[in-house]
Amino acid sequence: MYNRILLKLSGEALKGETSYGIDPQTVQGIAEQIKDAHDLGVQIGIVVGGGNIWRGKTAEGLGMDRAQADYMGMLATIMNGLAVQDALEHVGVPTRVMTALPINEVAEPYIRRRAIRHLEKGRVCIFVGGLGSPYFSTDTACVLRGTEIGAEVVLMAKNKTEGVYDSDPRKNPNAKLYEELTFSEILAKNLQVMDSTAASLCKDNKMNLIVFNMNTKGNIVKAVKGEKIGTLVKVE
């Protein structure tokens, strides 16, 4: 079993069956799964995306300044992080929200050594605000935070997707699910599991990645126990 993990939650995972925003029932279900893993004694860091509220790249495509759009996306991740914190504390899990963008009224500033201390005390750390700089995705943020806190693996929780496929399973019913891949294969095949910066960062820092479907109850616990689930992307 892993002792310390970094869990990546996409913004889309928080909206459930709705088309936009945060679905409280869905977030509560996610919190209960995280609690099950936390009860095993696993130290958990979480990076939350903001795609259910705002996407910087989409706004850029509509003519908006990319940096401005990315800052708006960082604010969306803070909103999502606060929602996850509230749900976790409702099920009795102590948490801290740590942000790369200073917003002292609602979250602590991200400080690496303080984050590690929180984890050692059994608190779940929710990292929001991306990296505090535009042009970097939350994929890159999750790998960097995972490396900084000494996580043993990055768990990438997907919404309604079992893992990594050779093509889009929503468009191709014969799409093949990979059980194992390397980061070199992800980059060479352009599988778009994560952006190339994040994949290269994983490869360079020898950080394995597990991609799995978080909508199946119990999958987070299975992942932290090291059971075979989804797709394992490993360093060569």
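1. The lining of the largest pocket divides into 15 nonpolar, 21 polar and 14 charged residues, where Ala, Val, Leu, Ile, Met, Phe, Trp, Tyr, Cys and Pro count as nonpolar, Asp, Glu, Lys and Arg as charged, and the others, Gly among them, as polar. This is a predicted model, in which local features need pLDDT of at least 70 and side-chain atom pairs count only at pLDDT 80 or more, while totals for chains, interfaces and linings use all residues. Residues are numbered from 1 along each chain as its sequence is written, and side-chain values use heavy atoms, with hydrogens and water left out.

2. The lining comprises 50 residues, and those nearest the pocket centre are Arg 55, Asp 139, Lys 158, Gln 192 and Val 193. A pocket here is an open set of points on a 1 Å grid over the protein atoms alone, where a 1.4 Å probe fits, with protein on both sides within 12 Å along at least five of seven lines, and lining residues have an atom within 4 Å of a point.

3. Helix 3 (66–90) is among the elements that each supply at least two lining residues, as is helix 5 (138–149), and helix 3 gives the most, with 6 residues. Helices are DSSP runs of H or I, at least four residues long, numbered from the N terminus.

4. At the start of helix 5, a side-chain oxygen of Ser 137 comes to within 3.2 Å of the backbone nitrogen of Asp 139. After the helix comes Gly 150, with a positive phi near 75°.

5. The buried residues of helix 5 include Asp 139, Cys 142 and Arg 145, buried meaning under 20% relative accessible area with a 1.4 Å probe and protein chains only.

Definitions and conventions:
Buried < 20%, exposed > 50% of the residue type's maximum accessible area, 1.4 Å probe, protein only. Polar contact = N/O pair within 3.5 Å; in protein donor to acceptor, adjacent residues only side chain to side chain.
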